[in-house]
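Hi,

Here is the structure I promised to pass on. Have a look at it first, and then read my notes below.

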Amino acid sequence: MKHSTATALAAAATAGLTTIGYGVSQLTNFRLKQYELPLLPPDAPAEFKILHVSDLHMIPGQEEKIAWVSALDALQPDLVVNTGDNLSDEHAVPDVLAALGPLLDRPGVFVFGTNDYWAPRPVNPLKYLTDTKREPSYVDLPWKGMRAAFIERGWQDATHTRLEFKASGVKLAIAGTDDPHHDLDDYSLIAGPPNEDADLPLAVTHAPYRRVLDAFAADGYQLAMAGHTHGGQICLPGERALVTNADIDRKRASGLHRYGDMWLEVSNGLGTSKFAPVRIFCPPSASLLTITHKK
C-alpha cells in the first residue's frame, strides 16, 4: 500500500513538473491572430489594418519578445492599439521601447493597466484558477516616463479621452478608459455617442468589464478592444479559458466576438507577471484586425 501511494505521488509530481515545464516553454511561442471585420462605409478606403498589442509584462532581457514584437512592423498596420500592462519590472521601460520601436512611428493609441502603474506581487500561478481579484502592490513603476516616451513618438493617450483623427484616410473616433479591474475607470468623462461622421468608432480599455463594455455598446461604438485576461493563461486544450480575471464570460476571454450590437476583441497578451511565468494551452499573441467595407 505504501509503495503504491509513493508511486502515485511520484507520478503526480512528475506530471506537475512536466506541465509547468510545458507552460514555461510556451512563453516565447508567440502567435499572430488575424481577423477581418466589414465595418467601413463605402466611401472609406478599402481596408484598414489595426495591430493590437497588449500585456507585454516586460522584464529586462526578454530578447525574443523584443525581436518578435518589433518585427510586427512588417505588417504595416495603419493603427497600433496598445491596451496596457506593458511592465513587469521597474527597469523594463527601455525594453518596452525597444520592443515597440518601429511601431511607435506609426499612428497609435494606448491605455494603461494596473501593472503599468504598480509593480507585480509574488503569486502562486495556480491562484489564477480562483479568479479572485488580487490587491495591487502600490509600489510605483516608472509609467510616467513611459507615457511621455509614447507621446513624444506620436502615440496618443486615450485614457478618459475622446480622440478624433484620420489615419490612412480613415476617420477615427476613439474613446478609452483607465483600468476597470481596480475601479480606475470613470465612463462619465467620455460618455456620449462617437462623432457620426467617423468611419470607424473604436473603444479601448485594459480589462473587459461589462459595465464599461455595456456603456461603449450603448453609445454606439462598433468595435471595442481590451486585454488583461491573458486568454485565461492556464487553459484547457483549444485555448478554453477556465477563468477570465474579469466579469466577462469565459467564451469571450480572448478572440473576436459579438457583444450586443458591438464587436469585442480581447487579446491573449504577450507576457505574464514575472512571478507567474507560465502559459498552458494559451500561447502569447498579438492581433491584426483588417477592417473592410460593410457588406
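Predicted model: local features only at pLDDT ≥ 70, side-chain atom pairs only at ≥ 80, totals over all residues.

**Aromatics**

Searching the whole structure turns up 12 aromatic pairs. Take Tyr 117 and Trp 118: their ring centres are 6.0 Å apart and the planes sit at 65 degrees, so this pair is edge-to-face. Tyr 117 counts as buried because its relative accessibility is 9%, under the 20% cut-off. Trp 118 is buried too, at 16%.

Both of these residues belong to one aromatic cluster, which also takes in Phe 110, Phe 112, Tyr 138, Trp 143, Phe 150 and Trp 155.

You'll find Trp 143 in helix 5, which covers residues 143-153. With a relative accessible area of 23%, Trp 143 is partly exposed. If you skip its neighbours within four places in sequence, Trp 143 is in contact with Phe 112, Asp 116 and Tyr 117. Asp 116 is 27 residues away from Trp 143 in sequence, yet their C-alpha atoms are 5.8 Å apart in space.

There is also a charge over a ring elsewhere: Arg 258 lies over the face of Trp 263, 4.7 Å from the ring centre.

Helix 2 (residues 63-71) and helix 3 (residues 93-100) have axes that come within 7 Å and cross at roughly 35 degrees. On the helix 2 side, the contact uses Ile 66, Val 69 and Ser 70. Helix 3 brings Asp 95, Ala 98, Ala 99 and Leu 100.

Next is an open sheet of 6 strands, in the order 6-7-8-9-13-12 and with mixed pairing. Strand 6 (161-167) and strand 12 (255-259) are the edge strands, each pairing on one side only. From one strand to the next, the twist averages 25 degrees.

Within that sheet, strand 8 (residues 200-204) and strand 9 (residues 223-226) pair in the parallel sense, over 3 bridges.

**Some loop residues**

Gly 232 lies in the loop between strand 9 and strand 10 (235-236). This glycine is buried, with a relative accessible area of 3%. Apart from neighbours within four places in sequence, Gly 232 is in contact with Ala 241, Val 243 and Cys 282. Between Gly 232 and Arg 250 there are 8.1 Å from C-alpha to C-alpha, with the two residues 18 apart in sequence.

Then there are two residues picked out by their backbone angles. Most residues other than glycine have a negative phi. Asp 55 has a positive one, near 50 degrees. Asp 55 is in the loop between strand 2 (47-53) and helix 2, and is buried, with a relative accessible area of 0%. Ser 168 also has a positive phi, near 50 degrees. Ser 168 is placed in the loop between strand 6 and strand 7 (170-176), and counts as partly exposed at 47% relative accessibility.

That's everything from my side for now.

Cheers

Key. Residues numbered from 1 in each chain as written. Heavy atoms only, no water. Phe/Tyr/Trp six-rings, centres within 6.5 Å; stacked < 30°, edge-to-face > 60°. Buried < 20%, exposed > 50% of the residue type's maximum accessible area, 1.4 Å probe, protein only. Lys NZ or Arg CZ within 6 Å of the ring centre and 35° of its normal. Axes fitted to C-alpha atoms, helices over the stretch in contact; angles between N-to-C directions. Helix = DSSP H or I, 4+ residues; strand = E, 2+ residues; numbered from the N terminus. Contact = heavy atoms within 4.5 Å. Pairing = 2+ DSSP bridges.
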